[in-house]
Every structure is written in C-alpha cells, then in structure tokens.
Amino acid sequence: MKLGDHVRIRHEKFGALLFDQQREKFFVVNGVSKDILELMPEAETIDDIVAGLSQSYDSTPEIMKRDIQEFVEELRKAGLMPRGSNGS
C-alpha cells in the first residue's frame, strides 16, 4: 500500500503534514495516522498495518481495521492514494 508519487510526508511532533504536489495542498494528520502512514510502504493489506499497530495501541483488531479502512478511504477521496493500491 502506498501513497501517490506526488505526495510528500513531513513528520512533525503532532503527527505529519502531507503535501500534494499536483494540487499544491497540505493535509494535516495526527499521530495515529502518522503511524499508519509509516507502516503503509511495507504493508500489502490493512491486516498488515493492524498487526504492526497492535503492539503500540490498546484496541481490538476489528476496531483498528475499521479505523484504518476509513483513513485509507479518506486518503483516496483526497487524491493522495491511488484507487488500485490494496486496501482490503
């Protein structure tokens, strides 16, 4: 799973800034979203991200999976992640 090639990430204390170079827009994400973004390049599925986050967050896998799916869909709607990138 990966963001579009036109997206740059800048890590901050509060989370991260995503910069869409095509539309020249910034998007702000919190610390949990930043952690998801850090796991995405090596993850093939959302379940891979859930496994990576389960060590750091006290939540059920089902809730984490739902929240990650929602975040991925937000990235897609914002044009930051290609539709073809695996998010199942």
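This is a predicted model: local features need pLDDT of at least 70, side-chain atom pairs count only at pLDDT 80 or more; totals for chains, interfaces and linings use all residues.
User: Which residues does Lys34 touch, not counting residues up to four places away in sequence?

Analyst: With that exclusion, Lys34 touches His11, Glu12, Gly15, Ala16 and Val29.

User: What makes Phe19 and Phe26 an aromatic pair, and what is its geometry?

Analyst: Their ring centres are 4.7 Å apart, and rings pair if the centres lie within 6.5 Å. The angle between the planes is 40 degrees; planes under 30 degrees apart count as stacked and over 60 as edge-to-face, and the rest as tilted. The pair is therefore tilted. A search of the whole structure finds 1 aromatic pair.

User: Why do Phe19 and Phe26 receive their accessibility labels?

Analyst: Exposed requires over 50% relative accessible area, and partly exposed lies between that and the 20% limit for buried. Phe26, at 57%, is therefore exposed, whereas Phe19, at 23%, is partly exposed.

User: How do you know what kind of residues line the largest pocket?

Analyst: The lining divides into 8 nonpolar, 3 polar and 1 charged. Asp counts as charged, so Asp67, one of the lining residues, falls in that class. The pocket has a volume of about 180 Å³.

User: Which element gives the most to that lining?

Analyst: Helix α3 does, with 5 residues. The elements giving two or more residues are α1 (31-39) and α3 (61-77).

Notes: Residues are numbered from 1 along each chain as its sequence is written. Side-chain values use heavy atoms; hydrogens and water are left out. On a 1 Å grid over the protein atoms alone, a cavity is a set of points where a 1.4 Å probe fits but cannot get out, and a pocket is an open set with protein on both sides within 12 Å along at least five of seven lines; lining residues have an atom within 4 Å of a point. Grid points are joined across faces, edges and corners, and a volume is the space filled by probe spheres set on the points. Helices (H or I, at least four residues) and strands (E, at least two) are DSSP runs, numbered from the N terminus. Rings of Phe, Tyr and Trp (its six-membered ring) pair if their centres lie within 6.5 Å; planes under 30 degrees apart count as stacked, over 60 as edge-to-face and the rest as tilted. Buried means under 20% relative accessible area, exposed over 50%, partly exposed in between (1.4 Å probe, protein chains only). Contact means heavy atoms within 4.5 Å.
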